[in-house]
Amino acid sequence: MKLLLVEDEKAMAEALKEILQKNNYSVDTCCDGEEGRDFALTALYDVIILDINLPKMDGITVLREIRTNDIGTPVILLTARDATKDKVNGLDSGADDYLTKPFKSDELLARIRALTRRNKEAVPNSNLIYGDIELNPHTLMLYTPSKNFQLTLKESQLMELLIANRNISVSKNTVIEKLWGYDSDVEDHNVEVYISFLRKKLKAANSKAIINTVRGVGYSLTTSDKEG
Ligand code: CA
């Protein structure tokens, strides 16, 4: 497992690197945003740990550039204490998780394991198919007849949940619990953002699959293709 750590506070970066290496991760470190972005764009990493307050380019901008370039590597943001706005911005920009400083290294290790577990359990030929779309939840690839997409981990988890509950509605609370966990302070708004990401992709692909809003409940995936 190869990790990228983008953190400008030298002492913290060194301490984290040591802990991660002790836990058998291979770690590259960058100490400013521009360098972090360039490393991230190589797509060589299993997880990126990204500080928000960085010289040259802030972490949120780095994250947006990574996602704009279709790099789906899971990203854990490191935020300053109580920076709620950062968390919301970060999740909206395609982060998979965040940790508030100061945090315990055990917690960081647990988050990394959660984000990489899926790949370890990867089973070939386990694509989920619904109507004209096909999702590989391990490679995070979404296939349609006209276009393929590299999803972020959260987008893939959300699509997996919708496919598993095809034709019935999934509540926003269920989405939050499945994607972020029971004790998360993620809000409905974050779910809406990921729903809109998926809708845009389905639309761009002219897919017959539709994510419907079920008023007062949540969402349901249906297809205009009767055989779906
Ligand atoms: Ca910093």
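Arg 111 and Asp 97 form a salt bridge, with their closest N and O atoms 2.9 Å apart. The pair ties together distant parts of the chain: Arg 111 sits in helix H5 and Asp 97 in strand S5, 14 residues apart. Arg 111 is partly exposed at 21% relative accessibility, whereas Asp 97 is buried at 18%. The model is predicted. A search of the whole structure finds 13 salt bridges. The chain is assigned two domains, domain 1 (2-122) and domain 2 (128-223).

**Salt bridges**

- Lys 101 pairs with Glu 7 in a salt bridge, and the closest N and O atoms are 3.0 Å apart.
- Glu 155 forms a salt bridge with Lys 201, where the closest N and O atoms are 2.8 Å apart.
- That pair joins two helices: Glu 155 is in helix H6 (residues 153-164) and Lys 201 is in helix H8 (residues 188-204). The two residues are 46 residues apart.
- Glu 155 and Lys 201 are both buried.
- Glu 7, Glu 9, Asp 51 and Lys 101 belong to one network, joined by salt bridges that share partners.
- Side chains of opposite charge can pair when their charged atoms come close.

**Domain interface**

- The centres of domain 1 and domain 2, taken over C-alpha atoms, are 24 Å apart.
- In domain 1, 16 residues are in contact with domain 2; on the domain 2 side the count is 18 residues.
- The two domains bury about 1,400 Å² between them. Carbon and sulfur atoms account for 48% of that area.
- There are 0 salt bridges between domain 1 and domain 2.
- Polar contacts do cross this interface: 5 residue pairs are found, with both residues at pLDDT 80 or more.
- On the side of domain 1 that touches domain 2, helix H4 (84-92) and helix H5 (105-120) are the elements that give two or more residues.
- H4 gives the most to that side, with 4 residues.
- H5 is also the helix that holds Arg 111, the partner of Asp 97.

**Cysteines**

- The structure holds 0 disulfides.
- The cut-off for a disulfide is a sulfur pair within 2.5 Å.
- Cys 31 is likewise in no disulfide, and its nearest cysteine sulfur is that of Cys 30, 7.4 Å away.
- The two cysteines fall in separate burial classes. Cys 30 counts as buried at 2% relative accessibility, while Cys 31 counts as partly exposed at 37%.

**Arg 37**

- Arg 37 is part of helix H2 (residues 33-40).
- Is Arg 37 buried or exposed? Arg 37 has a relative accessible area of 18% and is therefore buried, as the class takes in values under 20%.
- With neighbours within four places in sequence left aside, Arg 37 is in contact with Met 57, Val 62 and Glu 65.

**Ile 60**

- Ile 60 lies in helix H3 (residues 59-68).
- Ile 60 is buried, with a relative accessible area of 8%.
- Which residues does Ile 60 touch, not counting residues up to four places away in sequence? They are Ile 52, Leu 77, Asp 86, Asn 89, Gly 90 and Ser 93.
- Ile 60 and Lys 147 are 87 residues apart along the chain, and their C-alpha atoms are separated by 28 Å.

Terms used
Residues numbered from 1 in each chain as written. Predicted model: local features only at pLDDT ≥ 70, side-chain atom pairs only at ≥ 80, totals over all residues. Heavy atoms only, no water. Buried < 20%, exposed > 50% of the residue type's maximum accessible area, 1.4 Å probe, protein only. Domains from an automatic or database assignment. Contact = heavy atoms within 4.5 Å. Buried area = accessible area lost by both parts, 1.4 Å probe. Salt bridge = Lys/Arg side-chain N within 4 Å of Asp/Glu carboxyl O. Polar contact = N/O pair within 3.5 Å; in protein donor to acceptor, adjacent residues only side chain to side chain.
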